[in-house]
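Please read the report below alongside the sequence and the coordinates.

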Amino acid sequence: MSIMEGQKTEEQDAAADEQMLEQISRESYQAVAEICDTAHLKPGALFVVGCSSSEVLGERIGTATNVDVAGHIYDGVQKALSERGIYLAAQCCEHLNRALVVERKVMDRWDLEQVNAIPQPNHAGGAFATVAYQRLTDPVLVEDLRAKADAGIDIGGTLIGMHIHPVVVPMRISLRKIGQAPIICARHRVKYTGGIRAIYDQNLL
C-alpha cells in the first residue's frame with residue numbers, strides 16, 4: 001500500500017467514525033425526546049440517564065469506555081431535555097454505588113444528599129457521568145435521587161429503576177438501541193387508588 005493509499009484509508013476511517021458518532025447523537029436525542037413527550041413530562045421534571053459507552057460500541061459493559069461516544073450521547077440527551085426544561089441526572093457506575101451527577105439546584109430542590117467523588121471514565125464513575133460532571137453548569141454528586149425521577153433511559157444495562165418514583169412503568173419507543181446498546185425506557189405513573197368502582201383520570205395514566 002502506498003503512502004497516499006494509507007492516508008486515504010485513515011481519512012475514510014475518520015469519516016466513518018464521525019458519522020457513527022453523529023448517528024449516536026441523533027439516536028440519543030430521538031429516544032429522550034420520545035420518552036419525554038410520550039410520558040407528558042412537564043418543565044421542571046427530573047430525567048435519569050444510565051449509560052455504558054462500552055455497550056454502545058458493542059463491547060461488554062466496563063471494558064471499552066469511550067469519552068467521545070459519551071460526549072455525543074450527552075449532546076443528544078441534553079438537547080432534548082433542555083428544549084423541554086427538564087433536568088438531567090447522570091448515573092455513575094456501580095463503583096460509586098450508582099451515585100448521580102446533577103446540577104446543584106437539583107440537589108437543593110429535591111433535598112438530596114451530596115457525596116464527595118469526582119467521576120472518572122476509567123476508574124469509578126464512567127464516561128457519561130464524567131462528561132456530565134464536566135459540562136453541567138454547577139455539578140454536584142449526590143448519593144441517590146430518593147426515587148424522585150419522573151422518567152429515564154437505561155443505555156446498555158446500567159439499572160436505573162431505583163431512581164424513578166413508584167410506580168415505574170416500562171415504555172416502548174420507536175428505537176430499540178443506541179449504537180449497539182439495547183435501551184430500556186421507563187416513566188413514573190401515579191398510583192391508582194380505589195377498586196372496581198373507581199374511575200381514573202386518563203391524563204394520569
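## Salt bridges

The count of salt bridges comes to 6, where a salt bridge is a side-chain nitrogen of Lys or Arg within 4 Å of a carboxyl oxygen of Asp or Glu. The model is a predicted one, in which local features need pLDDT of at least 70 and side-chain atom pairs count only at pLDDT 80 or more, while totals for chains, interfaces and linings use all residues. Residues are numbered from 1 along each chain as its sequence is written, and side-chain values use heavy atoms, with hydrogens and water left out.

One of these bridges joins Arg 135 to Asp 75, with the closest N and O atoms 2.6 Å apart. Arg 135 belongs to helix α5 (residues 127-135) and Asp 75 to helix α3, so the pair ties together parts that are 60 residues apart in sequence; helices (H or I, at least four residues) and strands (E, at least two) are DSSP runs, numbered from the N terminus. Arg 135 counts as partly exposed at 42% relative accessibility, and Asp 75 is likewise partly exposed, at 36%; here buried means under 20% relative accessible area, exposed over 50%, and partly exposed in between, with a 1.4 Å probe and protein chains only.

A salt bridge also forms between the side chains of Asp 111 and Arg 146, at 3.7 Å from N to O. Since Asp 111 lies in the loop between α4 (104-109) and α5, and Arg 146 in the loop between β4 and β5 (151-155), the pair ties together parts that are 35 residues apart in sequence. Asp 111 is exposed, at 53% relative accessibility, whereas Arg 146 is partly exposed, with a relative accessible area of 44%.

## Helix α3

Helix α3 covers residues 67-84, which makes 18 residues, and it reaches 26 Å from its first C-alpha to its last, close to the 26 Å expected at 1.5 Å a residue, the expected span being 1.5 Å times one less than the number of residues. At its start, a side-chain oxygen of Asn 66 reaches to within 3.0 Å of the backbone nitrogen of Asp 68. Just after α3, Gly 85 takes a positive phi of about 70 degrees.

The buried residues of α3 include Val 69, Ile 73, Val 77, Leu 81 and Arg 84. Glu 83 forms a salt bridge with Arg 84, the closest N and O atoms being 3.4 Å apart, and Glu 83 counts as partly exposed at 46% relative accessibility. Both residues take part in a network of salt bridges that links Asp 37, Lys 79, Glu 83 and Arg 84.

Strand β2 (residues 87-91) runs antiparallel to β3 and is joined to it by 2 bridges, two strands being taken to pair if DSSP finds at least two bridges between them. Within this pairing, Val 101 in β3 is the bridge partner of Ala 90. Strand β4 (residues 139-142) pairs with β3 in the antiparallel sense over 4 bridges, and there Glu 103 stands opposite Pro 139 in β4.

## A buried arginine

Arg 187 is found in strand β8 (residues 181-188).

A polar atom of the Arg 187 side chain lies 2.6 Å from the backbone oxygen of Leu 205. With neighbours within four places in sequence left aside, the residues in contact with Arg 187 (heavy atoms within 4.5 Å) include Ala 39, Asp 150, Ile 164, Val 168, Met 171 and Leu 205.

Most residues other than glycine have a negative phi, and most peptide bonds are trans. The peptide bond from Pro 166 to Val 167 is cis, with omega near 10 degrees, and Val 167 has its place in the loop between β5 and β6 (168-171).

Asn 97, in the loop between β2 and β3, has a positive phi near 60 degrees and counts as exposed at 65% relative accessibility. Ala 147, in the loop between β4 and β5, has a positive phi of about 55 degrees although it is not a glycine, and it counts as partly exposed at 23% relative accessibility.

Note on methods:
A polar contact is a pair of N or O atoms within 3.5 Å; within protein, one must be able to donate a hydrogen and the other to accept it, and residues adjacent in sequence count only if both atoms are side-chain atoms.
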